[in-house]
Every structure is written in structure tokens, then in C-alpha cells.
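I wanted to go through the helix packing here and jot down what I looked up.

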Amino acid sequence: MINPLVKTVGCSIAGTTMMTASSALMSLIGQDFRESERLNGLISRVLPFLPKRVRSVSAWAAHYAMGSAFSAVYVKLWDSKTLKPTGTCGVCLGAVSGLIGIAIWKATFAVHPLSPLMNYKRFYLQRIPAHIVFAIFATIAYRAMQKSIDSTNGAEQEEALGR
């Protein structure tokens, strides 16, 4: 059986990576939606004396940490059988997560002493499709890990039966 922490990390890596890629693609329409760049900018504005590499790594770490937090909730819901890890569930979780993401970004920008000048409405609206991408790929990763568990368990049962 795969540990829930391993599932959380796997879902987080898959979801956050694909969300980041989709945000980079959506940035081609004229506004930078890349989460890591937004976080890097926020860090740079309050801690400009930190080396550029440290600010960048901190931004990426914060981004993946949030992905891990969302993934931990998803894994808990799926492992407890509260929700099924389906595509429809992934879309719904993504939409809800997008609304939560909007609230988190709004709060972050509100408390930040040097928030950037940008089109906030477009940025916030982009959070929903970005989180849907996140949740769909987290779902795919979870299902792949579950399939691996199921096939391993099946092989162990076959071996135990002497087949």
C-alpha cells in the first residue's frame, strides 16, 4: 500500500507541474499568469537583498507547497472514499480549488506592502482553469498510483495462491 504522503507528493508534482505549464501557455495572451513569477515578484519586492536564486527557489517552493496542501485534501477525500477520483470529480475539485486559490491570492495581494500593478480580474479568473488543470492531473496521478497498487496486490494474491 502506498503511503498517503507519497500519494500527496505524486499528486502535487503532477498537478502543480501541469498547472504551471498551462499558466505559462495562458500567459501568451498578454498577461503573466505564471504563479512562480508572481510569487518571485512578491518576494523580491519585500526582500530585494536576497540573492536572485534564493528568491526564485523560495517562490517555487511556496508554489509546490500550496500544491501539496491542495493534494493532501484530495488524497484524504479519495482515500476515505468520500469522493471518487474521476474526471468529473477532478473538474469539480479544480473549480472549488480555483475559488479558494482566488481567495488566497486576494488575501496575499491585500496584505502585501508592495502589490504589483496588474489586471487582477484577469489574473483571478485564470485561477479557475489553472486549478481545474491542477486537479485533473492530480486525479490522473492518483489513479495511476492506485492502479499500480491494485496490480501489485493482484500479483501478490496470485503468488500467495501459488499460481
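**Ground rules.** This is a predicted model, so I note that local features need pLDDT of at least 70, side-chain atom pairs count only at pLDDT 80 or more, and totals for chains, interfaces and linings use all residues. Residues are numbered from 1 along each chain as its sequence is written, and side-chain values use heavy atoms, with hydrogens and water left out.

**Whole chain.** I counted elements to start with: the protein chain has 5 helices and 0 strands, and along the sequence the pattern reads α-α-α-α-α. Helices (H or I, at least four residues) and strands (E, at least two) are DSSP runs, numbered from the N terminus. The C-alpha trace spans about 65 × 35 × 25 Å along its principal axes. I looked up burial next: 35% of the 163 residues count as buried, where buried means under 20% relative accessible area, exposed over 50%, and partly exposed in between (1.4 Å probe, protein chains only). Accessible surface comes to about 9,300 Å², with 68% of it belonging to carbon and sulfur atoms; the areas are Shrake-Rupley with a 1.4 Å probe, and for residues only the protein chains shown count as cover. Of the contacts between residues at least 6 apart in sequence, 75% join residues at least 24 apart; contact means heavy atoms within 4.5 Å.

**α2 against α3.** I read off an angle of about 125° with the axes 8 Å apart. Axes are lines fitted to C-alpha atoms, for helices over the stretch in contact, and angles run from 0 to 180 degrees between N-to-C directions. That makes α2 oblique to α3, given that angles under 35 degrees count as roughly parallel, over 145 as roughly antiparallel, 65 to 115 as roughly perpendicular and the rest as oblique. The crossing is right-handed; the rule is left-handed if the near helix is turned anticlockwise from the far one by less than a right angle, right-handed if clockwise. By class, the contact of α2 with α3 has 5 nonpolar, 6 polar and 2 charged residues. For the classes, Ala, Val, Leu, Ile, Met, Phe, Trp, Tyr, Cys and Pro are nonpolar, Asp, Glu, Lys and Arg charged, and the others, Gly among them, polar.

**α2 against α4.** Here I got about 20° and axes 12 Å apart, which makes α2 roughly parallel to α4. α2 passes α4 in a left-handed crossing. Glu-35, Arg-38, Leu-39 and Leu-42 of α2 touch Trp-105, Thr-108 and Phe-109 of α4, a contact with 4 nonpolar, 1 polar and 2 charged residues.

**α3 against α4.** The axes of α3 (residues 52-79) and α4 (residues 87-111) come within 12 Å and cross at roughly 140°, so α3 is oblique to α4. This crossing is right-handed. On the α3 side I listed Met-66, Phe-70, Tyr-74, Leu-77 and Trp-78, and their partners in α4 include Cys-89, Leu-93 and Ile-104. What classes make up the contact of α3 with α4? I find 9 nonpolar, 3 polar and no charged residues.

**Two residues in α2.** Gly-41 lies in α2 (residues 35-46) and is partly exposed at 27% relative accessibility. Gly-41 and Val-75 are 34 residues apart in sequence and 31 Å apart in space, C-alpha to C-alpha. Glu-37, also found in α2, is partly exposed with a relative accessible area of 36%. From Glu-37 to Ser-56 I have 19 residues in sequence and 8.1 Å in space, C-alpha to C-alpha.
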